[in-house]
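Please read them with the structure open.

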Amino acid sequence: METISGRPTPPVPQKVRVLREIHDYFFVAVGIVMYALGWTLFELPIRITGGGVPGISSIIFYATGLPVQYSYFAINGTLLILSVLILGWRFSAKTIFACVLMTTLLPVIQDLITANGFQIDIDPFASAMLGGALCGGGIGVAFSNNGSLGGTDIIAAIVNKYRNISLGRVGMYLDIVIISCSYFAVPQTENVFYGYVVLVVTSLMIDFVVNRSNQSVQFFIISQKYDEIGRRINAMPNHRGCTIIDGTGFYSGQPVKMLFVLTRQHEAPLVFRLIKDTDPMAFVSQANVNGVYGNGFDIIKVS
């Protein structure tokens, strides 16, 4: 067992770790299904190019007729090497799972659509909106459960790890170039416009699902194991800090130690998980905050 400040910290039970992994993989799979449906049903039929590796695969498909699953898998194979080196095996394992499942699902969905003669006959603008919502929601669900759909999502996750830039914003910068290049494969201005609609909706959905516009939260934690909780929070992927506040219980008159912690909203479940694993009887208060500025958060900007 790990020892912190001289007191043993009980390990997380194997059953709990397994259930958490199953939970993550299940919702990563849900995100993949959402993305595959949005891409196949609403974008490919009207030759709209989205962003990321799917966008590149779409351009190749429009220009050469090569099925999107082949180019999607090949490009992701290269990017996954970066994922393993920088983001680690745990993140990358889910990404590999996502890429393989996406590659498998795409032809299945396309065959089902062809076999049943299914076609969604709606306005191209509405199709772009729905496709972007499904794709962005799928990416957000995958990211929220420690996974990724691969491609430029890997690049976005790497940038987000080292810089305070939201995932949706990084994806938008990368996707502008990809969608602009789609004009060479489908020389129709309106299709490029619809591609930008998909881009904006997808980026907004990613931010909404993952961190709700980069919202931060604050915790006040009262526990006899405050030092163990604090050290575990320090060991989080983004190395969040803690401040110890001395207090006195009004009723008991006894001194207490209280932890003050600030994190991103999408990190809140991990903080609760760490607290529960260390001291299930801890007293915890959580609140949303409008802005947090300084190291690890937003940059102070004064005009």
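This is a predicted model: local features need pLDDT of at least 70, side-chain atom pairs count only at pLDDT 80 or more; totals for chains, interfaces and linings use all residues.

1. A cavity is taken here, on a 1 Å grid over the protein atoms alone, as a set of points where a 1.4 Å probe fits but cannot get out, and its lining residues have an atom within 4 Å of a point. Grid points are joined across faces, edges and corners, and a volume is the space filled by probe spheres set on the points. In those terms the structure holds 2 cavities of 30 Å³ or more, and the second largest cavity has about 30 Å³ of space.

2. Residues are numbered from 1 along each chain as its sequence is written, and side-chain values use heavy atoms, with hydrogens and water left out.

3. Which residues line the second largest cavity? Its lining consists of Arg47, Ile48, Thr49, Tyr62, Ser182, Val186, Gln188, Asn191 and Val192. By class this lining has 4 nonpolar, 4 polar and 1 charged residues, where Ala, Val, Leu, Ile, Met, Phe, Trp, Tyr, Cys and Pro count as nonpolar, Asp, Glu, Lys and Arg as charged, and the others, Gly among them, as polar.

4. Most residues other than glycine have a negative phi. Arg47 lies in the loop between α1 (14-43) and α2 (52-64); helices here are DSSP runs (H or I, at least four residues) and strands are runs of E (at least two), numbered from the N terminus. With 35% relative accessibility, Arg47 counts as partly exposed, a class that falls between buried (under 20% relative accessible area) and exposed (over 50%), with a 1.4 Å probe and protein chains only.

5. The structure holds 2 salt bridges, a salt bridge being a side-chain nitrogen of Lys or Arg within 4 Å of a carboxyl oxygen of Asp or Glu. In one of them Glu267 pairs with Arg240, and the closest N and O atoms are 2.9 Å apart. Because Glu267 lies in the loop between β5 (255-264) and α10 (268-278) and Arg240 in the loop between α9 (226-234) and β4 (242-248), the pair ties together parts that are 27 residues apart in sequence. Glu267 is buried at 6% relative accessibility, and Arg240 is likewise buried, at 5%.

6. Asp246 and Lys257 also meet through their side chains in a salt bridge, at 2.5 Å from N to O. This pair links distant parts of the chain, with Asp246 in strand β4 and Lys257 in strand β5, 11 residues apart. Asp246 is exposed at 59% relative accessibility, whereas Lys257, at 31%, is partly exposed.

7. Helix α4 (residues 89-116) supplies the largest share of the patch, 3 residues. Trp89 is found in this helix and, at 60% relative accessibility, counts as exposed.

8. Finally, some pairs can be checked by their C-alpha positions. Gly137, in helix α5 (residues 124-144), is buried at 3% relative accessible area; Gly137 and Val201 are 64 residues apart in sequence and 9.6 Å apart in space, C-alpha to C-alpha. Thr202, in helix α8 (residues 189-210), is buried at 11%, and its C-alpha lies 8.3 Å from that of Gly131, 71 residues apart in sequence. Val159, in helix α6 (residues 152-162), is partly exposed at 27%, and a C-alpha separation of 7.5 Å is found between Val159 and Val170, which are 11 residues apart along the chain.

Key
On a 1 Å grid over the protein atoms alone, a cavity is a set of points where a 1.4 Å probe fits but cannot get out, and a pocket is an open set with protein on both sides within 12 Å along at least five of seven lines; lining residues have an atom within 4 Å of a point.
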